[in-house]
Amino acid sequence: MKRRLLITFLALLVLATAAYFGICAIVYARLATVLPQCAGEFEGYTPAAFSAEHYRAELDVSAYVMPTYEAITIPSRDPKINLSAWFVPADEPEAPTVLITHGRGVGVADCKWNPRALLPAGMLHRAGYHVLLIDLREHGDSTIEDGFWAANTEEYRDVLGAWDWLVKERGLTPERIGLFGYSGGTGASLIAMGQEPRIAAAWLDSVYADINTAVTDMLVAGGYPAFLAPGGLLIARLHGDDLTAFSPQQAAATINGRPIFITHSENDPVLPVKYAYQLEAALRAGGTNPTLWITHNEGHVRAMFEDMQAYEQRLIAFFDSALKPTPNAK
């Protein structure tokens with residue numbers, strides 16, 4: 001009898017384990033599969049022609065269009081990964097430069113076509129900056145490697161490849177190149193900055209900090225139980241992506257005082273505002289004193305549309321301070 005009970009228990013344990021990891025695999029596929037093409041409302045958008053109607057119908061962004069731009073292909077720091085990009089040159093060849101990185105294209109497609117990338121690019125270009133907008137791997141017109149978002153443990157190397165191109169191919173001064181990332185792109189930007197000490201500064205709009213916490217919160221927000229998180233991370237590792245290998249919170253210790261600006265809405269339903277405070281604390285613990293601007297907009301990455309003038313003023317002031325030499329600088 002005891003033997004039979006033991007066998008039954010073991011069989012049930014095997015079935016429960018198989019069911020758990022089977023569910024984890026299904027949920028992982030749903031939450032990590034990238035929608036590669038920016039179709040629908042963003043289709044046909046370019047630096048020379050875009051609107052903000054998807055986010056705020058009445059908003060006039062005509063002052064921020066960029067008629068002259070180059071469509072280019074840039075190699076990532078990973079072999080065989082090529083990035084589709086737009087380079088918008090400034091009138092002054094020696095102008096500072098900002099590299100724009102979009103968010104995570106899971107559930108809703110995201111890429112350089114998104115007005116969340118194009119509008120800040122237009123703000124910067126209008127202020128005299130070179131601007132480079134890229135599609136991360138799996139997104140837009142860049143290389144599709146496996147179709148899964150790797151929580152920026154791979155994508156940060158795309159940011160570094162684009163930064164390499166600006167330095168090596170365009171001959172731009174590293175100390176005058178900054179990063180702009182929003183949503184998931186904040187992680188790719190900050191991790192890249194931690195890996196490359198010559199990156200000068202970063203503006204981060206709507207951040208996350210610790211990937212373990214973010215994964216758990218994504219599950220709960222999607223209506224899934226939090227206990228699926230460990231299994232999902234294991235499934236990702238078996239797939240080839242160690243989602244915990246890098247995170248913004250880990251990268252914070254390596255910024256070493258370089259200028260960081262964090263903006264986040266206290267009402268963000270996608271990435272809770274607690275992440276902004278967590279990242280701020282991690283940066284301060286590592287010796288960096290970021291600027292933190294908490295807004296009161298409803299929605300995710302909305303301040304640039306709802307508080308456009310204030311956003312533009314802060315954005316330009318931050319990068320002017322971080323990337324432009326002072327009159328007494330040698």
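Select Lys112 and Asp135 to begin: in this predicted model, their side chains meet in a salt bridge, with 2.7 Å from N to O. A salt bridge here is a side-chain nitrogen of Lys or Arg within 4 Å of a carboxyl oxygen of Asp or Glu. The pair links distant parts of the chain, 23 residues apart: Lys112 belongs to the loop between strand S3 (97-101) and helix H2 (115-126), and Asp135 to the loop between strand S4 (130-134) and helix H3 (156-168). Helices (H or I, at least four residues) and strands (E, at least two) are DSSP runs, numbered from the N terminus. Lys112 and Asp135 are both buried; buried means under 20% relative accessible area, exposed over 50%, and partly exposed in between (1.4 Å probe, protein chains only).

Residues are numbered from 1 along each chain as its sequence is written. Because the model is predicted, local features need pLDDT of at least 70 and side-chain atom pairs count only at pLDDT 80 or more, while totals for chains, interfaces and linings use all residues; side-chain values use heavy atoms, with hydrogens and water left out.

Next, select Arg137 and Glu154. They form a salt bridge whose closest N and O atoms are 3.8 Å apart. Both residues lie in the loop between S4 and H3, so the pair ties together parts that are 17 residues apart in sequence. Arg137 and Glu154 are both buried. The structure holds 18 salt bridges.

For a pair with another setting, select Asp320 and Lys324, whose side chains meet in a salt bridge at 3.2 Å, N to O. Asp320 is partly exposed, with a relative accessible area of 28%, and Lys324 is partly exposed at 33%.

On a 1 Å grid over the protein atoms alone, a cavity is a set of points where a 1.4 Å probe fits but cannot get out, and a pocket is an open set with protein on both sides within 12 Å along at least five of seven lines; lining residues have an atom within 4 Å of a point. Grid points are joined across faces, edges and corners, and a volume is the space filled by probe spheres set on the points.

Select Arg104, Val106, Ser183, Val270 and His300, which lie nearest the centre of the largest pocket among its 29 lining residues. This pocket contains about 640 Å³ of space. Helix H5 (residues 211-221) gives the most to its lining, with 4 residues.

Move on to Tyr28, Leu31, Val215, Met218 and Leu243, which lie nearest the centre of the largest cavity, lined by 17 residues. Its space is about 210 Å³. The largest share of the lining, 5 residues, comes from H1.

The second largest cavity has a volume of about 40 Å³. To find it, select Asp205, Ser206, His264, Ser265 and Arg302, the closest to its centre of the 13 lining residues. Strand S7 (260-267) and strand S8 (291-298) are the elements that give two or more residues to this lining.

Finally, select Ala29 in helix H1 (residues 2-32). The C-alpha atoms of Ala29 and Ala236 are separated by 9.1 Å, although the two are 207 residues apart along the chain.
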